[in-house]
Amino acid sequence: MKKLLLGDQAIALGALNAGISGVYAYPGTPSTEITEFIQGSPITKERGIHSRWCTNEKTAMEAALGASYVGKRALVCMKHVGMNVCADPFVNSAMSGVNGGVVVLVADDPSMHSSQNEQDSRFYAKFAMVPSLEPSNQQEAYDMMGYAFELSEQQGLPVMVRVTTRMAHSRAVVEIADAPRAENELSFPKTPGNYVLLPANATRRNKEVIAQQVTLENMACESQYNALIFPEAGKRYEKGVVTCGIAYNYLMETFPDGVPFPVLKITQYPIPKKLIKELADACDQILVLEEGQPIVEELIGGVLGSDKVKGRLTGDVNRTGELTPDTVKAAFGLACEKVYEKSQVVLPRPPALCQGCSHRDVYTALNDVINEYPNAKVFSDIGCYTLGALPPFRTISSCIDMGASITMAKGAADSGLFPAIAVIGDSTFTHSGMTGLLDAINSKASITVVISDNLTTAMTGGQDSAGTGRIESICLGLGVEPEHLRVMLPIPKNHDELCNIIREEIEYKGVSVIVPRRECIQVMNRKLKQKRANKA
Ligand code: SF4
């Protein structure tokens with residue numbers, strides 16, 4: 001059967017057909033559609049596959065490890081910065097090993113279309129000493145999921161599958177050969193002690209995983225997904241090319257009639273050193289095409305030198321941002337075809353909060369109040385409300401990572417700033433703001449926390465928010481004083497009320513929490529449309 005699928009959908013279908021018993025994920029562009037596809041799949045409904053969103057990427061990884069412990073296959077999905085949150089259980093899962101297969105799908109966002117950095121998740125796989133796969137097209141993305149689960153179970157390690165934005169968000173025809181595999185039966189680890197990472201066990205496992213690297217590298221050399229292709233055997237070439245992941249696809253587009261150079265296609269790591277040596281022996285120079293950071297170029301160039309190895313580090317390929325068919329052409333000194341006239345392209349426009357969004361009412365009131373305080377600073381978090389940094393509001397002065405608003409406000413207040421205000425959304429609050437609030441309460445920091453509650457995870461398309469209906473009880477449970485927990489409806493006619501609440505709570509010398517609550521209008525409209533459609 002052939003289907004036209006987004007890369008994310010191909011991954012989701014590949015995982016379903018590989019017999020997963022659960023997907024554990026926190027939404028994040030460009031990975032969100034994987035879990036949404038699984039949630040909407042008839043296979044999920046029929047089998048009762050777990051697909052509810054997790055509170056954050058760390059809880060997702062740990063739940064997947066629990067599923068694996070009892071023998072089941074589990075998929076973990078996140079965007080690249082989610083790997084920072086998940087790093088603790090991810091790195092340690094190589095030490096514990098896995099029982100049922102665990103595949104960690106990470107979607108990187110080079111060019112930072114909707115992210116705060118360009119980090120490359122392949123570093124994490126190398127760091128944790130686990131194998132990783134990087135599909136070069138949507139068909140491989142589908143095929144690799146079954147392979148990744150088998151590899152994970154065969155090697156007793158989690159396997160990372162790394163994709164980038166264009167792979168996740170572009171469509172291609174994918175051939176679906178398999179019927180869904182049955183889920184694994186419950187079974188327990190043959191070496192349960194591995195899961196107890198006491199120093200004695202961890203020391204033994206560390207040696208085992210290090211020894212295993214030879215096998216993993218040999219597997220990468222023999223992998224059906226890696227290939228060393230010579231146009232003509234036995235000839236010496238001026239140039240050879242190493243492609244990683246989607247770069248292979250771009251190279252094929254650049255040379256539709258055949259690449260005139262030897263090509264090493266890498267889509268399974270650790271890097272296949274034997275194949276690299278074979279390529280290097282046959283070529284005077286090697287060009288490395290990889291999306292993200294120059295990991296492979298650094299590894300090869302560190303030995304062979306930058307006269308021989310070219311890429312992002314040497315400036316022969318764009319150092320930052322996505323690779324594109326055009327940047328790949330440019331790396332070969334070829335002219336780029338002009339496909340569209342400028343007038344045919346949608347002109348860029350600055351991002352802005354939707355008209356009618358509740359965050360607008362929050363920032364309008366905050367601006368009115370903080371103008372009364374010369375030193376006021378507003379520390380923000382990650383969500384739609386980060387757009388409060390831009391005109392017309394320009395309210396916020398920071399946005400670092402999920403949960404940082406409360407802890408940064410606390411640190412600034414500890415250092416004497418007054419007033420120190422944090423703005424965080426409901427989903428980000430449960431993701432990683434709660435622990436920061438506990439810190440602030442324990443040290444009686446003088447901060448005002450605004451949890452702008454739109455009852456959803458809006459920025460990624462309106463997924464469930466883990467704390468919906470329980471934000472107040474969570475705050476009270478953490479120790480916020482009931483009289484300094486203020487909930488209100490942020491609409492224009494309540495502007496003065498919101499201003500007064502903000503003023504009163506700023507003046508309180510302790511932790512206060514204000515919860516302006518109004519549903520995201522995009523989500524509300526979608527629900528209304530759905531309701532009307534159901535009635536019709
Ligand atoms: S999607 Fe929702 S929360 Fe985000 S800006 Fe639009 S209305 Fe506001």
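**Close-up views of a predicted model**

**View 1. The loop that holds Arg394 lies between strand E14 (377-380) and H15.** Helices (H or I, at least four residues) and strands (E, at least two) are DSSP runs, numbered from the N terminus. This is a predicted model, in which local features need pLDDT of at least 70 and side-chain atom pairs count only at pLDDT 80 or more, while totals for chains, interfaces and linings use all residues. Residues are numbered from 1 along each chain as its sequence is written. Arg394 is not a glycine, yet its phi is positive, near 50°. With 12 other C-beta atoms within 10 Å, Arg394 is exposed. A residue is buried if 20 or more other C-beta atoms lie within 10 Å of its own, exposed if 12 or fewer, and partly exposed in between, with C-beta atoms placed from the backbone.

**View 2. Met129 has a positive phi without being a glycine.** The value is about 65°. Met129 belongs to the loop between helix H6 (122-128) and strand E5 (132-133). There, 17 other C-beta atoms lie within 10 Å of Met129, so this residue is partly exposed.

**View 3. The bond from Tyr269 to Pro270 is a cis peptide bond.** Its omega is near 15°. Pro270 is part of the loop between strand E11 (268-269) and helix H11 (273-282).

**View 4. Phe418 and Pro419 are joined by a cis peptide bond.** Here omega is about -10°. Pro419 falls in the loop that runs between helix H15 (404-414) and strand E15 (420-425).

**View 5. Helix H10 (residues 247-254) contains buried residues.** These are Ala247, Tyr248, Asn249, Tyr250 and Leu251. Their cover includes strands E9 (237-244), E10 (263-266) and E12 (283-289), as well as helix H13 (325-331). Contact between two residues requires C-beta atoms, placed from the backbone, within 7 Å of each other.
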